[in-house]
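Open the model in your viewer and keep the selection panel at hand. Each stop below says what to select and what is there.

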Amino acid sequence: MATRETHLGGALLAAMVLLVLLASGGAAQEEPTARVVPTNEVVITGYGTVGYAFGTQGENENAFTTSISPIFLFQFQDRVLFEAEFEFELTEGVTETGLEYAQLDLLLHDNFTLVGGKFLLPFGIFGERLHPTWINKFPTSPPLYGHHVAAFGAEPLVPIISDIGVMGRGVLSTGPVNVSATAYVTQGPAAEDETAAIAELIFPASSSDNNNGKMVGGRLDLSLPPDAELNVSYFNGDYDELGVLDLTGWNVAAEVRRANLEIRGEYIQTRQEVETPAGFPTVKRHGFYAQVAYRVGPWEPVFRWTQVFDAKLNGQTQQEGAWQAGFGLDYWLSPSIAVMAGYELNREDVTELDNDRIVLHIAYGF
C-alpha cells in the first residue's frame, strides 16, 4: 500500500539528509580558505539538433526533425546560481515549447548544495546527465525512457523526469572512492486516466499536487576516479487523487571508462499499485540497457542493447516485452559537434513488429 511505501521513502529521505548534513558539518571544521568573489555573470549555452529518420519496414517513417534547447545561467557571487533550460521542437508543423528545468542552486557549503524549483530528477544517470543530443552517443534515447523514442514494442518504463520540489546534494567522502548522496521531495506522478485498469502515469510538474502526498527519493553515487562509477536510485510517490495508490522506482547504473573505451548500462524496475475488486495488487515492470562505445580518432562506433520485460500483474502478463539492438557510428567534428547515424532493430517477444528504422542527426553543443 502507498502508506507503507511512503514511510519507507520518508525514512530514506531523512537518512540521506542526515548523512549530507553530517558531511557538511564535518567538512566545516576545516581551516577556511581564501575565496575569490566574482561579479554577477550571465551565460547562455545549450544545444541544437537537426535530424532525419526513416523506417525500413511498415509505414516507412520519413521525416526531418529539428530542435534547439537554450540554457540560461545566472550567477550571483559564488554561492547562488539560477539555471533554466527551454526546449523548442518542430513537430508536425507546430513549434512545441517546454521548460525542461528552472532551478535555484544555493551553495551552502563546499560539500553541500540546496536546490529548489523544477529540476531533472537524479533517477539513474541518463536523464540527468546524458540525454542532451550532443552528449548521448546514440542518436536516440534508450527505449527505457520516454524521450525522443519511437514505438519499439513496449511502453517506456519512466520518462526523463523533471519535477518541482526541493533537493539536497552532499559529498560524504573523498579519496580512493568518492561517495556523494542526493535526496529530494517533489510533487510526484499523476494518472492520466484513473478509470483504466492500469493507469498511464505522467509527471506533470504542476505547481499544485493532485493529492496530499509528495514523492520522495534519492541517489547514492560511488565513484572510483577516473575509471568507474556506480549509482543506486530510488523514488516513491502517490499518483491517484485519494493518495492510496503509489508508484515505486529503483535504478542501478554503472559506467566504466578506460582510454578510448566506454561501457555503461542501467537497470530500472517500477512497481505500480492498482485497485481491483480483490484488493491492491502491484504491476511490476523492469528492463535494462547496455551500451559500448570505442573512439578511434574522430570516429566512434556505438552498440546499444535494450530489453523491456513483460509487465506482470498477479503473475499474468499485461503488456508484452520487447528488445532493441542499436548500431551507431559517430563522427566528431569537434568535442561538442557530432554527426551521428544509428540503425534500430526492434523485436517484440510475441507480436511481429515492422518498425525498424535508421536515424541520422547532427548535434551541436554550444
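**Ground rules.** This is a predicted model: local features need pLDDT of at least 70, side-chain atom pairs count only at pLDDT 80 or more, and totals for chains, interfaces and linings use all residues. Residues are numbered from 1 along each chain as its sequence is written, and side-chain values use heavy atoms, with hydrogens and water left out.

**Whole chain.** Colour by secondary structure. The chain has two helices and 22 strands. Helices (H or I, at least four residues) and strands (E, at least two) are DSSP runs, numbered from the N terminus. Of the 366 residues, 45% are buried. Buried means under 20% relative accessible area, exposed over 50%, and partly exposed in between (1.4 Å probe, protein chains only). Next, consider contacts (heavy atoms within 4.5 Å). Among those between residues at least 6 apart in sequence, 56% join residues at least 24 apart.

**A pocket.** Select Glu83, Gln103, Glu128, Arg129 and Arg169. They lie nearest the centre of the second largest pocket, which 34 residues line. On a 1 Å grid over the protein atoms alone, a pocket is an open set of points with protein on both sides within 12 Å along at least five of seven lines; lining residues have an atom within 4 Å of a point. The space inside is about 540 Å³. Grid points are joined across faces, edges and corners, and the volume is the space filled by probe spheres set on the points. Which classes make up the lining of this pocket? It divides into 14 nonpolar, 10 polar and 10 charged residues. Here Ala, Val, Leu, Ile, Met, Phe, Trp, Tyr, Cys and Pro count as nonpolar, Asp, Glu, Lys and Arg as charged, and the others, Gly among them, as polar.

Go to Tyr364 in β22 (residues 357-365). Tyr364 is partly exposed, at 43% relative accessible area. Beyond four places in sequence, Tyr364 touches Gly46, Tyr47, Gly48, Trp134, Ser336 and Ile337. Gly46 is 318 residues away in sequence, yet the C-alpha atoms are 8.6 Å apart.

Jump to Ile68 in β2 (residues 62-76). Ile68 is partly exposed too, at 40%. Its contacts beyond four places include Tyr47, Gly48 and Phe366. Ile68 and Gly48 are 20 residues apart in sequence and 4.1 Å apart, C-alpha to C-alpha.

Select Pro225 and Pro226. A cis peptide bond joins them, with omega about -5 degrees. Pro226 sits in the loop between β12 (215-224) and β13 (228-238).

Ala205, in the loop between β11 (201-202) and β12, has a positive phi of about 50 degrees without being a glycine. Is Ala205 buried or exposed? Ala205 is buried, at 15%.

Finish at Ala259, in the loop between β14 and β15 (261-273). Ala259 also is not a glycine, and its phi is positive, about 55 degrees. Ala259 is exposed, at 81% relative accessibility.

Key:
On a 1 Å grid over the protein atoms alone, a cavity is a set of points where a 1.4 Å probe fits but cannot get out, and a pocket is an open set with protein on both sides within 12 Å along at least five of seven lines; lining residues have an atom within 4 Å of a point.
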